[in-house]
Amino acid sequence: MGKHDLKLTSLSQSIETYRSAETFTTLYERTHLIVFRYIYALHGEPQEDVEDLWLETYAKAWRSRHRFSGGEDAALGWLLRIARNLVIDRQRQRQRHPLVEVPDAEAFPSRSDDAPENI
């Protein structure tokens, strides 16, 4: 059995597959690029948002790992579903609360009476 071979032969083994830090780390190592690319395809730019969603996907999976049962393919599907739901939630949040761009302070002319020495 190879270092990254998570295929299991019995259902009782697969139920416990991702509950330990070691097996969850292996799952992360095998799936992190797939999950990142999936989120990027769904969400797009900015990359910081994609990274936040990507990290939140694994954090949420880690917190709920005790409820998961299944093998490697099921685990990838589970991660992608978590990621998809997080992307949808983020898009809904942006629709309810759109970002307002604030102009740079440099865009406003400075007044001499606002200078610190005049206050």
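1. A word on naming before anything else: the helices here are DSSP runs of H or I at least four residues long, numbered from the N terminus. On that scheme, Pro 46 is found in the loop between H2 and H3. Glu 45 and Pro 46 are joined by a cis peptide bond, with omega at about -5°.

2. The protein chain has an average pLDDT of 79, and 69% of its residues score at least 70. Where pLDDT is low, the predicted coordinates should not be read in detail.

3. Now the overall picture. The protein chain has four helices and zero strands, so to speak an α-α-α-α pattern when you read along the sequence. Of its 119 residues, 28% count as buried. Take the contacts between residues at least 6 apart in sequence: 61% of them join residues at least 24 apart. The accessible surface comes to about 8,700 Å², and carbon and sulfur atoms account for 53% of that.

4. On to the inside. Which residues touch the most other members of the largest nonpolar core? They are Val 35, Ile 39 and Leu 79, out of 20 residues in that core. At least two core residues come from each of helix H2 (21-43), helix H3 (47-63) and helix H4 (72-96). H4 gives the largest share, eight residues.

5. Not counting residues up to four places away in sequence, Val 35 touches Trp 54, Thr 57 and Tyr 58, along with Leu 76, Leu 79, Leu 80 and Ala 83.

6. Ile 39 is found in helix H2. Its relative accessibility is 0%, under the 20% cut-off, so Ile 39 counts as buried. Setting aside neighbours within four places in sequence, Ile 39 is in contact with Gly 44, Val 50, Leu 53, Trp 54, Thr 57, Ala 83 and Val 87.

7. The aromatics deserve a look. The structure holds five aromatic pairs. In one of them, the rings of Tyr 28 and Trp 54 have centres 6.3 Å apart and planes at 35°, so this pair is tilted. Because Tyr 28 lies in helix H2 and Trp 54 in helix H3, the pair ties together parts that are 26 residues apart in sequence. Are the two partners buried or exposed? Tyr 28 counts as partly exposed at 28% relative accessibility, whereas Trp 54 counts as buried at 16%.

8. Another pair is Phe 68 with Trp 78: ring centres 4.6 Å apart and planes at 25°, so the pair is stacked. Phe 68 sits in the loop between H3 and H4 and Trp 78 in helix H4, 10 residues apart, and the pair links these distant parts of the chain. Phe 68 is buried, with a relative accessible area of 8%, and Trp 78 is buried as well, at 10%.

9. Tyr 28, Phe 36, Trp 54 and Tyr 58 form one aromatic cluster. Elsewhere, Arg 65 lies over the face of Trp 62, at 3.5 Å from the ring centre.

10. Asp 49 has its place in helix H3, and with a relative accessible area of 10% Asp 49 is buried. What does Asp 49 contact, leaving aside its neighbours within four places in sequence? The partners are His 43, Arg 90 and Arg 94.

Notes: Residues numbered from 1 in each chain as written. Predicted model: local features only at pLDDT ≥ 70, side-chain atom pairs only at ≥ 80, totals over all residues. Heavy atoms only, no water. Core = buried A, V, L, I, M, F, W, Y, C linked by side-chain atoms within 4.5 Å. Buried < 20%, exposed > 50% of the residue type's maximum accessible area, 1.4 Å probe, protein only. Contact = heavy atoms within 4.5 Å. Phe/Tyr/Trp six-rings, centres within 6.5 Å; stacked < 30°, edge-to-face > 60°. Lys NZ or Arg CZ within 6 Å of the ring centre and 35° of its normal. Areas by Shrake-Rupley, 256 points an atom, 1.4 Å probe, with all protein chains shown as cover. pLDDT = per-residue confidence, 0-100.
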